[in-house]
Amino acid sequence: MHFLKFNWNPITGIDIAGNFKLHFYSLMWVIAFVAGWYIMKRIFTKEKVSLTYLDPLFIYTVLATMLGARLGHVLFYQSELISEDFFSIFLPFKFKGGFEFTGFQGLASHGAAIGIIIGMYLYRKKYNYKSLLWILDRVVISVASGAVFIRIGNFINSEIIGKVTDSALGVRFIQDYYYKSQITQLTGIKDAKKAYSAVTNNPQFAELLEAVPYRHPAQLYESFCYVFVFLILWYFYSKTPKKDQTGFLFGLFLILLWTVRFFIEFTKEPQGDEYINWFGLNTGQWLSIPFIAIGLYFMFVYKPKSANR
């Protein structure tokens with residue numbers, strides 16, 4: 001089964017000019033949002049909701065997701081940015097240690113989830129055509145599809161890597177193991193891209209390659225599972241009357257997605273500083289538990305007010 005193991009040393013983007021680079025990770029976010037827009041368009045059309053509400057929903061969702069994800073990462077995993085590189089929190093640039101275009105890196109899914117819920121609340125306040133839970137019940141279908149692409153983007157970036165493993169599914173993340181300055185020094189090749197490439201393609205640097213451990217491709221595990229989260233949500237929405245049970249799809253999404261996240265966290269390395277690390281569970285797992293509990297409430301306990309009259 002060793003044929004399933006492989007070295008991961010990709011080109012992560014396209015150089016445009018100077019320090020500006022079009023990251024494939026950013027493209028994954030674009031694909032996620034565009035796919036979500038088309039899914040919501042299909043839902044709106046099916047349920048005869050005016051498409052004039054669709055574009056504002058898209059804008060609110062994008063802004064809420066990005067702001068929530070970024071602030072969530074800073075608060076949960078990298079709070080030192082507040083004092084050390086404050087403007088990098090909100091801008092796609094790094095200022096500490098030299099100006100560099102980085103794209104929007106360091107995005108936390110728990111923060112994104114909170115941001116989306118707040119964003120949908122604000123959207124519903126302005127566009128009062130359906131209830132907040134009606135919107136959430138349908139938006140989460142798009143969110144689940146988007147999560148598939150985001151984790152693929154993480155894999156391309158060699159980030160959110162898994163723990164060292166001797167299983168048949170191990171992947172060597174070359175660019176995570178060696179920093180750019182380090183790999184150029186070790187190989188004597190000034191161009192970082194060529195240096196990374198030489199590690200995997202030039203037998204002269206076989207020792208450098210062998211030093212890189214195989215790790216769980218946790219990003220791909222998550223992406224694969226999220227495909228099924230999306231399919232399950234779409235099935236319940238399109239093939240069962242559960243779409244009319246207010247809060248059911250929202251609750252199902254919370255349970256499925258965060259349960260996946262909870263268990264896959266066992267295969268991951270810590271992301272930044274683990275502020276919460278109790279009873280053998282990491283920050284991501286502890287943050288997932290409240291979402292699962294909320295999901296159970298909306299699936300099995302919640303009753304809309306109108307149903308009680």
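I began with the strands and found an open sheet of three, in the order β1-β6-β7, with mixed pairing. I note at the outset that this is a predicted model. For background, I recalled that the strands of a sheet pair through backbone hydrogen bonds, either parallel or antiparallel.

**Entry 1: the sheet.** I asked which strands lie at the edges. They are β1 (6-8) and β7 (214-215), each of which pairs on one side only. I then looked up how β1 is joined to β6 (residues 171-173): the two strands run parallel, and three bridges join them. Within this pair, I located Phe6 opposite Val171 of β6.

**Entry 2: helix α7.** I turned to α7, which covers residues 180-187, and listed its buried residues as Ile183, Thr184 and Thr187. Viewed down the axis of α7, these buried residues fall within an arc of 100°, so they line one face of the helix. I next asked which exposed residues the face turned away from the buried side carries. I found Ser181 and Gln185 there. The buried residues of α7 pack against two helices, α8 (192-201) and α9 (206-210). Just after α7, I recorded a positive phi of about 75° at Gly188.

**Entry 3: the largest cavity.** I asked how many cavities of 30 Å³ or more the model holds. The count is two. The largest has a volume of about 580 Å³. I found 36 residues lining this cavity, and those nearest its centre are Thr65, Ala112, Ile116, Val143 and Ala147. The elements that give two or more residues to this lining are α1 (24-46), α2 (54-76), α4 (109-126), α5 (132-156) and α11 (248-264). The largest share, 10 residues, comes from α5.

Entry 4: I recorded a volume of about 50 Å³ for the second largest cavity. I then asked which residues line it. They are His73, Tyr77, Leu107, Ala108, Ser109, His110, Arg151, Ile160, Arg261 and Gln271.

Definitions and conventions: Residues are numbered from 1 along each chain as its sequence is written. This is a predicted model: local features need pLDDT of at least 70, side-chain atom pairs count only at pLDDT 80 or more; totals for chains, interfaces and linings use all residues. Side-chain values use heavy atoms; hydrogens and water are left out. Buried means under 20% relative accessible area, exposed over 50%, partly exposed in between (1.4 Å probe, protein chains only). Helices (H or I, at least four residues) and strands (E, at least two) are DSSP runs, numbered from the N terminus. The arc is that of the directions from the helix axis to the C-beta atoms. Contact means heavy atoms within 4.5 Å. On a 1 Å grid over the protein atoms alone, a cavity is a set of points where a 1.4 Å probe fits but cannot get out, and a pocket is an open set with protein on both sides within 12 Å along at least five of seven lines; lining residues have an atom within 4 Å of a point. Grid points are joined across faces, edges and corners, and a volume is the space filled by probe spheres set on the points. Two strands pair if DSSP finds at least two bridges between them.
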